[in-house]
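Here is a short report on one protein model. Keep the sequence and the 3D view open while you read.

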Amino acid sequence: MSRPAIFASKFVGTISLGLLTGSSFTLSSLILPPLLSLPTLPPALASFTTLRRSTATYQTALASLAATSFLLAYAVSPREAKHPYLLWTTSTLLAGWGIGWWRRDAEKELTLEEGRSPGWAKARAESGEVNGEMVREEMEGWRWGQVLRGGVWALGWGMSVVGIWGDGA
């Protein structure tokens, strides 16, 4: 693969990782706080459920694009140009997703221990039986998960910017 194509792959990965970092910080600092202040539970829960679903889709696409770009750039680079920062940057993407999977597994275990089915919140909110504090705790947990993921991804983004700069591009 030619040098401009390798640079383009690194550039696409860096931009994708920057967007991923920005989306995580935006969600945790600008979008979720107003949801926490909604006066009634059903709209808050419906908004939060939609937000989680769309966020997962968007972040999965960006993370996949960034990881593929960095790994492709590493794989096709000549031996003397295989920079380890590409692997370290990809590992921060995986670490960010690991945080998400770890949180999801912890939530599932807690849900099963308490005898609830996975769709308990939505079903109970529609019937008016869900406690607002439970939903608030879930939102706060998700918010801090996004902050942590954003921090890990920001570290990877910083490494990719320094790496591209160090490549002379």
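## Ser16 and its contacts

Ser16 is in contact with Leu62, Leu65 and Ala66, leaving aside neighbours within four places in sequence. Contact here means heavy atoms within 4.5 Å. Ser16 lies in helix 1. Helices (H or I, at least four residues) and strands (E, at least two) are DSSP runs, numbered from the N terminus.

Is Ser16 buried or exposed? Ser16 is buried, with a relative accessible area of 4%. Buried means under 20% relative accessible area, exposed means over 50%, and partly exposed is in between (1.4 Å probe, protein chains only).

## Basis of the model

This is a predicted model: local features need pLDDT of at least 70, side-chain atom pairs count only at pLDDT 80 or more, and totals for chains, interfaces and linings use all residues. Residues are numbered from 1 along each chain as its sequence is written, and side-chain values use heavy atoms, with hydrogens and water left out.

Ile15 is partly exposed, at 42% relative accessible area.

Which residues make the nonpolar surface patch? They are Phe7, Phe11, Ile15, Leu19 and Tyr58, and the patch covers about 470 Å². Helix 1 (residues 3-36) gives the most to this patch, with four residues.

Patches are made of residues with over 30% relative accessible area and no salt bridge; like charges are joined within 9 Å, and nonpolar side chains (Val, Leu, Ile, Met, Phe, Trp, Tyr) within 5 Å. A salt bridge is a side-chain nitrogen of Lys or Arg within 4 Å of a carboxyl oxygen of Asp or Glu. Accessible areas come from the Shrake-Rupley method with a 1.4 Å probe; for residues, only the protein chains shown count as cover.

## Leu86 in helix 3

Leu86 sits in helix 3 (residues 85-113). Leu86 counts as buried, at 0% relative accessibility. Not counting residues up to four places away in sequence, Leu86 touches Lys10, Phe70, Ala73 and Tyr74.

Leu86 and Gly13 are 73 residues apart along the chain. Their C-alpha atoms are separated by 9.5 Å.

## The whole chain

The protein chain has five helices and zero strands. Along the sequence, the pattern reads α-α-α-α-α. Of the chain's 169 residues, 36% count as buried.

Among contacts with a separation of 6 or more, 81% come from residues 24 or more positions apart. The accessible surface of the chain is about 9,500 Å². Carbon and sulfur atoms account for 68% of that surface.
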